[in-house]
Amino acid sequence: MGQMLAVIQKGKSGYVARFERQMNHPVEKVWAMLTENEKLALWFSELRVENLCEGGTMAFDMRDGTFGKFPITDFQDQSVLAYTWGEDHVRFELHDAANGCRLVLAETIQKINDHTAKDLAGWHVCLNVIEALLDGRTVVSRQDDWKNWYKKYVAAVKEAAR
C-alpha cells in the first residue's frame, strides 16, 4: 500500500512534490473522499470544504478557535481540485484508468524548511488512509505509518535541496 515516495523536483519557483497512486475505485468514489466533508473528515479531520468551486474556499481548523482559509484556485468536477496551502499550493487530479483511477497529488513548495518532510509524510499517510478507507481496511496507527515515511522524506527532501 502506497510504497512509492513522492518525486520531489526543483522547479522554476521552488519545488514540486508529486504523489501518484493507482486507486482500484472509480473516479466518483475517490472524488467524494476529496470533496465531501463527512468523507474528508475521515482522513483529514482539520480540513473541510466551504464552497466547492473555483474561487471557493477550503477551511483549515487551526485547533485554537480559528480557521485558515485556503482559496480554491482550480476546480473541474470529478477531475481537478487545487487550493493554496499556506504559502504553498496543492493540486489533486483524478484520471480514469483500468480498474479504477489514477490519483495525482502535486504540492508546489516555495521554500524547503523544517516542516517540508513532515508535511510530505503527512500527505503520504493521508493517501494511504484514503486508499485503506476505500478498500474497507483499517489503518492501525497513522502515527507509526507517519514516523516510517517521515524518515524517508527527510532523506528525499535533503537530496532534492542539494
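Mentor: Contact means heavy atoms within 4.5 Å of each other, and helices (DSSP runs of H or I, at least four residues) and strands (runs of E, at least two) are numbered from the N terminus. The model is predicted, so that local features need pLDDT of at least 70 and side-chain atom pairs count only at pLDDT 80 or more, while totals for chains, interfaces and linings use all residues. Residues are numbered from 1 along each chain as its sequence is written, and side-chain values use heavy atoms, with hydrogens and water left out.

Trainee: What covers the buried residues of helix 4?

Mentor: The cover includes strand 1 (7–11), strand 2 (14–23) and helix 3. The buried residues of helix 4 are D145, W149, Y153, A156, V157 and A160.

Trainee: Why is T116 called buried?

Mentor: Buried means under 20% relative accessible area, exposed means over 50%, and partly exposed lies in between, for a 1.4 Å probe and protein chains only. The relative accessible area of T116 is 4%, so T116 is buried. T116 belongs to helix 3 (residues 116–135). Leaving aside residues up to four places away in sequence, T116 touches I109, K111 and V157.

Trainee: What makes the approach of T116 to N113 a polar contact?

Mentor: A polar contact is a pair of N or O atoms within 3.5 Å; within protein, one must be able to donate a hydrogen and the other to accept it, and residues adjacent in sequence count only if both atoms are side-chain atoms. The side chain of T116 reaches the backbone nitrogen of N113 at 2.9 Å.

Trainee: What is the basis for calling helix 3 mostly covered?

Mentor: Of its 20 residues, 15 are buried. Just after helix 3, G136 has a positive phi of about 80°.

Trainee: Why is helix 3 called oblique to helix 4?

Mentor: Two packed helices are described by the angle between their axes and the distance between the axes. Here axes are lines fitted to C-alpha atoms, for helices over the stretch in contact, and angles run from 0 to 180 degrees between N-to-C directions. Angles under 35 degrees count as roughly parallel, over 145 as roughly antiparallel, 65 to 115 as roughly perpendicular, and the rest as oblique. The axes of helix 3 and helix 4 come within 8 Å and cross at roughly 135°. That angle falls among the rest, which means that helix 3 is oblique to helix 4. The residues making this contact include T116, L120 and H124 of helix 3, and W149, Y153 and V157 of helix 4.

Trainee: What is the handedness of the crossing of helix 3 and helix 4?

Mentor: A crossing is right-handed if the near helix is turned clockwise from the far one by less than a right angle, and left-handed if anticlockwise. The crossing of helix 3 and helix 4 is right-handed.

Trainee: Why are helix 1 and helix 3 also called oblique to each other?

Mentor: The axes of helix 1 (residues 27–35) and helix 3 come within 11 Å and cross at roughly 125°. They are therefore oblique to each other. Helix 1 passes helix 3 in a right-handed crossing. K29, V30, M33 and L34 of helix 1 meet I130, L133 and L134 of helix 3. Seven of the nine residues of helix 1 are buried, among them V30, M33 and L34.

Trainee: What makes the phi of R63 worth noting?

Mentor: Most residues other than glycine have a negative phi. R63 has a phi near 65°, a positive value, and is not a glycine. R63 lies in the loop between strand 4 (57–61) and strand 5 (67–76).

Trainee: How does R63 count, as buried or exposed?

Mentor: R63 counts as exposed, because its relative accessibility is 53%.

Trainee: Why does L5 count as partly exposed?

Mentor: L5 has 32% relative accessibility, so L5 counts as partly exposed. L5 is placed in the segment before strand 1. Among the residues that L5 touches are H124, W149 and Y153.
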